[in-house]
Amino acid sequence: MKNNYAAIAERILECIGGQKNIVRAAHCVTRLRIALKDEALIERAALDQIDLVKGAFQSDGILHVVIGAGDVERVYAAMLELTGMQAATVADVKTEGASKVGPLQRLVRVFSDVFMPILPAIVVSGLLMGINNLLGIEGLVHPGETLLQSYPEFGGVWDLINMVANTSFVFLPVLVGWSAAKRFGGSEVLGIVLGLLLVHPALLNAWEYGKAVAHLDGAVMPYFNLFGLHVEKVGYQGQILPTLAATWLMSQVEIWLRRRVPNAIQLLVVPIVTVMISGVLALVLIGPITRGIGNYLAEGVIMLFDFAPVLGALIFGLLYAPLVITGMHHLFIAIDLQLIANQGGAVLWPMVVMSNLAQGSAALGIYLIVKRSKEKGMASASTLSAYFGITEPAMFGVNLRYKFPFYMALIGSAAGSIFITLERVRATAIGIGGLPAFISIVPTQIPPFMVGMLLALLLPVLLTWLVARRLVLRAQPAMAA
């Protein structure tokens with residue numbers, strides 16, 4: 001074994017007050033997440049010195065120990081073996097820390113808990129849709145022709161990839177229904193049923209909604225006639241808020257019924273009453289209201305970037321990485337998915353890519369300066385990780401440890417974000433957050449996006465190197481020792 005995971009887990013336990021101080025522990029892609037009884041027992045300095053630990057911080061009433069993809073699973077398994085604790089989910093740990101946070105953080109946590117389990121499906125769809133983008137670029141192989149026009153025999157392959165790619169977005173309410181029901185304490189299978197109801201083929205496809213409203217191409221809006229009340233008979237493909245709100249209501253109804261319906265008839269009564277109440281309210285009341293809220297939210301974001309593009313991009317470029325630290329960045333996934341559903345493209349995701357690349361380049365700047373092999377190895381591994389969309393090792397293991405590289409990364413992120421915003425760059429899908437992200441950009445906007453990438457890549461490494469040469473080597477000669 002390359003690393004002694006049991007020894008590392010034991011050292012982490014010593015630095016957080018031992019097993020008796022742990023309420024619950026879980027892990028995500030890169031971090032251990034631990035709810036503690038007494039946070040005063042944390043030995044931060046000693047924790048940061050443990051092998052594989054790239055940093056630690058407290059947020060939402062939880063201790064986050066950044067280790068990195070792959071290794072975190074092995075350290076967590078060793079911790080469970082040492083302590084005899086039961087494995088827990090991230091949602092379980094977050095529930096333990098809920099009493100220590102405010103209402104806004106709890107709201108953001110809901111989005112995080114719902115989206116984390118379904119992110120792999122979104123990432124896969126984003127990657128496949130990006131491949132489709134490449135197939136539709138004119139002049140990629142032959143001047144004035146797309147790959148499909150040059151090689152029509154691959155049309156069937158393109159159709160197949162396109163169908164697989166779109167599945168997660170077409171049936172997004174199903175994924176959200178499943179994950180949200182799990183988060184809110186309802187039956188996951190009923191959450192799936194509710195999600196399927198919202199994309200039922202008998203409903204007008206949500207992508208055709210705009211045409212029906214504007215009466216384009218002969219499109220007509222269908223209605224439910226409920227005793228003289230006309231309700232739009234429209235699906236919610238690609239929508240987040242309707243499913244989230246409807247699933248919360250469904251879970252509350254189900255929980256209420258479970259407590260009151262006798263066990264002998266629960267299987268017969270609870271599911272049908274729950275689905276009927278939540279399904280009818282979802283289509284008649286919740287769906288139309290939350291669709292309107294989502295539309296206003298999407299239009300508000302577009303208006304901000306139309307009215308003050310430089311200001312909007314500056315704020316987002318500077319604040320996205322700090323929001324990652326707090327976990328509040330998951331809220332932007334919902335906004336971008338709403339933008340894709342309403343506007344056909346996401347404006348925030350391309351700027352997320354700028355932030356990821358900038359954090360990686362700041363870590364690369366430290367790699368060019370430090371001489372000690374351990375720090376050099378951490379910086380190089382963190383750089384590569386950030387360049388492919390996972391920034392925690394770079395942020396916590398390198399940039400925040402030296403502080404100034406983190407600020408240099410924010411400058412690079414803001415510069416790249418401002419440029420691509422002025423060029424009105426949009427992404428057709430989300431999920432690819434690093435160097436390969438160009439494939440998810442609207443094909444005609446890939447060249448300006450690449451320029452933005454260069455700004456985000458070059459500025460942080462140059463600024464970090466310059467500042468490090470001037471400050472770090474003078475104030476901390478040990479870095480170069």
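Biologist: Which residue follows α18, and what is its phi like?
Modeller: Lys 403 follows α18, and its phi is positive, near 70°. Keep in mind that this is a predicted model. Lys 403 is a residue other than glycine, with that positive phi.

Biologist: Where is Lys 403 found?
Modeller: Lys 403 is in the loop between α18 and α19, and α19 covers residues 404-422.

Biologist: Is Lys 403 buried or exposed?
Modeller: Exposed, because its relative accessibility is 52% and the cut-off for exposed is over 50%.

Biologist: What about Arg 424, what is its phi?
Modeller: Arg 424 has a positive phi of about 55°, although it is not a glycine. Arg 424 sits in the loop between α19 and α20, where α20 is residues 446-475.

Biologist: And how does Arg 424 count for accessibility?
Modeller: Arg 424 is at 44% relative accessibility, so it counts as partly exposed.

Biologist: Back to α18. How many of its residues are buried?
Modeller: 9 of its 11 residues are buried, so α18 is mostly covered. Among the buried ones are Pro 393, Phe 396, Gly 397 and Tyr 402.

Biologist: At what angle do α16 and α18 cross?
Modeller: Roughly 60°, and their axes come within 10 Å. Helix α16 is residues 349-369 and helix α18 is residues 392-402. The two helices are therefore oblique to each other.

Biologist: Is that crossing left-handed or right-handed?
Modeller: The crossing of α16 and α18 is left-handed.

Biologist: Which residues meet there?
Modeller: From α16, Gln 359, Ala 362, Ala 363 and Ile 366. From α18, they meet Ala 394, Met 395, Val 398, Asn 399 and Tyr 402.

Biologist: What does Thr 383 touch?
Modeller: Leaving out residues up to four places away in sequence, Thr 383 touches Gly 360, Ala 363 and Leu 364. Ala 363 is also one of the α16 residues that meet α18. Thr 383 itself is in helix α17, residues 373-387.

Biologist: Is Thr 383 buried or exposed?
Modeller: Buried, because its relative accessible area is 5% and the cut-off for buried is under 20%.

Biologist: How far is the backbone nitrogen of Leu 364 from the side chain of Thr 383?
Modeller: The backbone nitrogen of Leu 364 lies 3.1 Å from a polar atom of that side chain.

Biologist: New topic. Where does UniProt place the feature "active site"?
Modeller: At Cys 28, according to an unreviewed UniProt entry. In the model, Cys 28 lies in the loop between β1, residues 22-27, and β2, residues 31-36.

Biologist: Why does Cys 28 count as buried?
Modeller: Because its relative accessibility is 12%, and buried means under 20%. Leaving out residues up to four places away in sequence, Cys 28 touches Arg 33, Val 72, Val 90 and Met 116.

Biologist: At what angle do α1 and α3 pack?
Modeller: About 70°, with their axes 8 Å apart. That makes α1 roughly perpendicular to α3. Residues of α1 in this packing include Tyr 5, Ile 8 and Leu 13, and those of α3 include Arg 74, Val 75 and Leu 82.

Biologist: And α10 with α13, how far apart are the axes?
Modeller: 10 Å, at an angle of about 35°. Helix α10 is residues 188-198 and helix α13 is residues 263-307. The crossing is right-handed. In α10, Leu 190 and Val 193 are among the residues involved, and in α13, Pro 271, Ser 278 and Gly 279 are among them.

Biologist: Where in the chain does Gly 294 lie?
Modeller: Gly 294 lies in helix α13. Gly 294 is buried, with a relative accessible area of 0%. Not counting residues up to four places away in sequence, Gly 294 touches Leu 241, Gln 338 and Asn 342.

Biologist: How many residues apart are Gly 294 and Leu 339 along the chain?
Modeller: 45, and their C-alpha atoms are separated by 8.8 Å.

Biologist: Last one. At which residues does UniProt place the feature "transmembrane region"?
Modeller: The unreviewed entry's list includes residues 264-286 and 449-468. In the model, residues 264-286 are 100% helix, with the end C-alpha atoms 32 Å apart. Residues 449-468 are 100% helix too, with the end C-alpha atoms 29 Å apart.

How values were computed:
Residues are numbered from 1 along each chain as its sequence is written. This is a predicted model: local features need pLDDT of at least 70, side-chain atom pairs count only at pLDDT 80 or more; totals for chains, interfaces and linings use all residues. Side-chain values use heavy atoms; hydrogens and water are left out. UniProt positions are given in the numbering used here, feature names are shortened, and annotations may be inferred rather than shown by experiment. Helices (H or I, at least four residues) and strands (E, at least two) are DSSP runs, numbered from the N terminus. Buried means under 20% relative accessible area, exposed over 50%, partly exposed in between (1.4 Å probe, protein chains only). Contact means heavy atoms within 4.5 Å. A polar contact is a pair of N or O atoms within 3.5 Å; within protein, one must be able to donate a hydrogen and the other to accept it, and residues adjacent in sequence count only if both atoms are side-chain atoms. Axes are lines fitted to C-alpha atoms, for helices over the stretch in contact, and angles run from 0 to 180 degrees between N-to-C directions. Angles under 35 degrees count as roughly parallel, over 145 as roughly antiparallel, 65 to 115 as roughly perpendicular and the rest as oblique. A crossing is left-handed if the near helix is turned anticlockwise from the far one by less than a right angle, and right-handed if clockwise.
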